[in-house]
Amino acid sequence: MLSLYHCAQAGFEAARQLQRRAPQHPQARLHGHSFEARLRARVEPGWAAVAGTEVEQLQQHLADVTAALDHRLLNDCLPEPDDTALARWLQQRLPSAGLQLVQIGVQSTPRSGCELDATGHAHTWRRYRFEAAHQLPRVPAGHKCGRMHGHGFEVLLHARPDGLFDELGAADRLDHAWAPLQQRLHRHCLNDIAGLENPTSEVLSAWLWQQLVAALPGLSRVTVFETASCGASFDGQRYRIWKDLTLDSARRLRHAPPDHPLAALYGHTYTLRLGLGGALDAVQGWVLDFGDVKRLFDPLFKALDHQPLHELAATAGLPDCDCASLAGWILQQGRRELAALERVDLYQTPGCGALVMAADPGLSPI
Ligand SMILES: Nc1nc2c(c(=O)[nH]1)N=C([C@H](O)[C@H](O)COP(=O)(O)OP(=O)(O)OP(=O)(O)O)CN2
């Protein structure tokens, strides 16, 4: 049984002043952002006017709601318009008939934002970057990662407010807790740091968790982006890794009425995210080599990339070539070669698409 979620994203430009911040805090001054709102929802069958157009319809709903905030002073719309309050404001205004909103988030900058989970809890997040060298000493001879190399690593920290960690100061507390780690990691070789002798993304995410959790009891996830297309996360119990691929493919919705815009032939640069979970290999310290994920998935990639997806949908017996149908098919086919594949995200435009999960271990952050 697969769990399916539709995803949408919409941007808005707005100004705000956070008057509950200390007077010297930069956010207490009038300032502006290019905000992004993102959501994930379950939709009931028959919710969309035309089956297969759920993503477009969800995106339209979100755009309609965020339009009320666009080019506005947010303090005129809600009392203290921080990211959490904005997410709750949007949540209250989205239509609920036939739609179960599971996550909604607001990003104020590419480095910060907040998400409400299915239970309504707010998770503040911050994104950090450090430049570091590493090598993976246990990989087979000839593996490129056995050589000393480096990355601009990015780390995403998610935390829930709790007794010590009130919502108001969450982002500042994350910054405070991160600062000493930035000193230890930036412009260093990870292998030289105790506990990071085998610095895979998975080991690094768990190491960061251990370093941070005492100071941040509300810490809910540490995510390490090793490159722009792959990484690992740790939530204190489970490891997840992902590999992103780009599909440049054409489509037309086979079951849309002939005069419907989505019945025309057009194309997308899709982002396909393959998500795997499981225990770490005792020797390599990873769930599965990102390179092996890519190699084992390659036959399916070739069936999807630079292809007319409506023809694939017809031969594969799919209801249509919309993101939800394709993501479910990719997950089922992909698990034949990649047993640890537990989730597939397919985005037709940034943040807009569908994700399916084999067993539902709970959604990771948006
Ligand atoms: N599960 C893991 N697999 C790999 C890790 C890791 O930490 N965990 N690390 C590496 C290497 O360090 C490598 O630099 C990054 O992997 P790779 O996906 O090969 O990165 P690229 O961006 O170079 O991938 P392309 O898609 O081929 O451009 C290897 N595996």
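Modeller: Two strands count as paired if DSSP finds at least two bridges between them; strands (E, at least two residues) and helices (H or I, at least four residues) are DSSP runs, numbered from the N terminus. This is a predicted model, in which local features need pLDDT of at least 70, side-chain atom pairs count only at pLDDT 80 or more, and totals for chains, interfaces and linings use all residues. Residues are numbered from 1 along each chain as its sequence is written.

Colleague: Which residue of strand 9 stands opposite L156?

Modeller: Strand 7 (residues 149-159) and strand 9 run antiparallel and are joined by 6 bridges. Within strand 9, the residue opposite L156 is T223.

Colleague: How many residues make up the hairpin between strand 9 and strand 10?

Modeller: Strand 9 and strand 10 are antiparallel, with 5 bridges. T227 stands opposite C230 in strand 10. The number of residues through which the hairpin joins these strands is 2.

Colleague: How many residues of strand 9 are buried?

Modeller: A residue is buried if 20 or more other C-beta atoms, placed from the backbone, lie within 10 Å of its own. Strand 9 (residues 219-227) is mostly covered, and of its 9 residues the buried ones number 7.

Colleague: Which element gives the most to the side of domain 2 that touches domain 3?

Modeller: Domain 2 spans 124-237 and domain 3 spans 241-366, with bounds from an automatic or database domain assignment. Taking contact as C-beta atoms, placed from the backbone, within 7 Å, 15 residues of domain 2 touch 13 of domain 3. Helix 4 (201-212) and strand 10 (230-234) each supply at least two residues of the domain 2 side. With 4 residues, the element giving the most is strand 10.

Colleague: Where does the shell around the ligand lie?

Modeller: The shell has 17 residues, of which C145, T200, S201, W286 and F290 come nearest; a residue is near if its C-beta atom, placed from the backbone, lies within 6 Å. Helix 5 (290-304) is among the elements supplying at least two, and its 3 residues are the largest share. Both domains contribute residues, so the shell lies between domain 2 and domain 3.

Methods:
Contact = placed C-beta atoms within 7 Å. Buried ≥ 20, exposed ≤ 12 C-beta atoms within 10 Å, placed from the backbone.
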